[in-house]
Amino acid sequence: LLHETVANVSCGGMQTLVSTEIVAEGNGKGRTRVRGGRMYCSGPANCLGSSFPEFTHVPIESDGIITIRQLSAGHCHQAVVSTDDELFCWGRNDSGCCGQNQANHSFVDRPTLVSSLYEKPNNLAQGKSCRQSSISRNHIATNAVDGDTSGDSSGPYSHTLIDPQPFWEVDLQDICSIKAIKIWSCIDVSSSSKDADNFIQNLVPYWIIVSKDPLDDCKGLQDALDRSDLSLKVTTGLQEFEWCLPFDTVGRHVRIQKEEYESLRLCQVEVFGYYDIDRVVAPVLSVTARRDVTGVVLSSVAPDNGQIVRAFNDVLMG
């Protein structure tokens, strides 16, 4: 561990867990990347699923590499919380202490998501049907939902012609519970830092519009705003802008629209949420593992945490 900066350590009955320092790195234009949060384990296979006679990096993979912000070692099981506020447990599952049905999982051999408590929202926009007010060259609307957030203007992006109040819109295919919307600006990587910043600033101001009903026949921006369920005017130019919506927001159509006679260019639009609109979510704040027991503190943003307790019990009881 000499090459790492240790942030957290937890000792259990026979095992020790260590996580490394998390460092957020920004580019000054709204885009932030996180490094660190790696987990190292040492101990026997009857706790960890594999034998680690010395500290060994144990990656957690669940839709990408998971970054660890908190961990706790129990008697013969362990639990960790990711920077996405998800809980992962593994080890001896006595009394369902790993959050899995004990009848089917007496031992959980690798870090496993306890999805009955919380699962981070998915990008519902990726690959979905979308449209825009016009098309400049081959910069079609679907380029903004292809999953590429690099922002390089030499790559695929969506771009309209110079239109009166140009727009881009995605249809999520069904009414969804929407938690957050991210707008990614294009950048000109071949330009100077100042020119690249101007490239980002050209996107603002713009409106983000959320609606349960189609906006196909809107006669302009004001008509779309009047028919929307929720909207936000964005005036700050960032390469990565995120709007966290109220917990009870539902919608199907998300539109990005400008105010003037101009063009609209977007790198990527991500809409995070769930198709189950009745799902109650409460991110995990912290966890403590003891002998055959796991204690979890949940966020208070959920309107009814009792629903989560019932869902968790359903998993344990099969």
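Me: At 37% relative accessibility, what does Leu1 count as?
Reply: Leu1 counts as partly exposed at 37% relative accessibility, where buried means under 20% relative accessible area, exposed over 50% and partly exposed in between, with a 1.4 Å probe and protein chains only. This is a predicted model, in which local features need pLDDT of at least 70 and side-chain atom pairs count only at pLDDT 80 or more, while totals for chains, interfaces and linings use all residues. Residues are numbered from 1 along each chain as its sequence is written, and side-chain values use heavy atoms, with hydrogens and water left out.

Me: Which residues make the nonpolar surface patch of about 330 Å²?
Reply: That patch is made by Leu1, Val6, Val9 and Phe55. Patches take residues with over 30% relative accessible area and no salt bridge, joining like charges within 9 Å and nonpolar side chains (Val, Leu, Ile, Met, Phe, Trp, Tyr) within 5 Å; the areas come from the Shrake-Rupley method with a 1.4 Å probe, and for residues only the protein chains shown count as cover.

Me: Switching to Glu270, where is it found?
Reply: Glu270 is found in strand β22, residues 268-274; strands (E, at least two residues) and helices (H or I, at least four) are DSSP runs numbered from the N terminus.

Me: And which side chain of opposite charge is nearest to Glu270?
Reply: The nearest is Lys182, 4.9 Å away, and Glu270 is buried yet has no salt bridge, a term that requires a side-chain nitrogen of Lys or Arg within 4 Å of a carboxyl oxygen of Asp or Glu. Lys and Arg count as positive and Asp and Glu as negative, whereas His and the chain ends are not counted.

Me: Which side chain has a polar contact of 2.8 Å with Glu270?
Reply: The side chain of Trp184 makes that contact with Glu270. A polar contact is a pair of N or O atoms within 3.5 Å; within protein, one must be able to donate a hydrogen and the other to accept it, and residues adjacent in sequence count only if both atoms are side-chain atoms.

Me: How many salt bridges does the structure hold?
Reply: The structure holds 16, including one between Glu262 and Lys258 at 3.3 Å, N to O. Lys258 is buried, with a relative accessible area of 0%, while Glu262 counts as partly exposed at 22% relative accessibility.

Me: Which residues do salt bridges with shared partners join into one network?
Reply: Arg131, Glu169, Asp216 and Arg255 are joined in that way.
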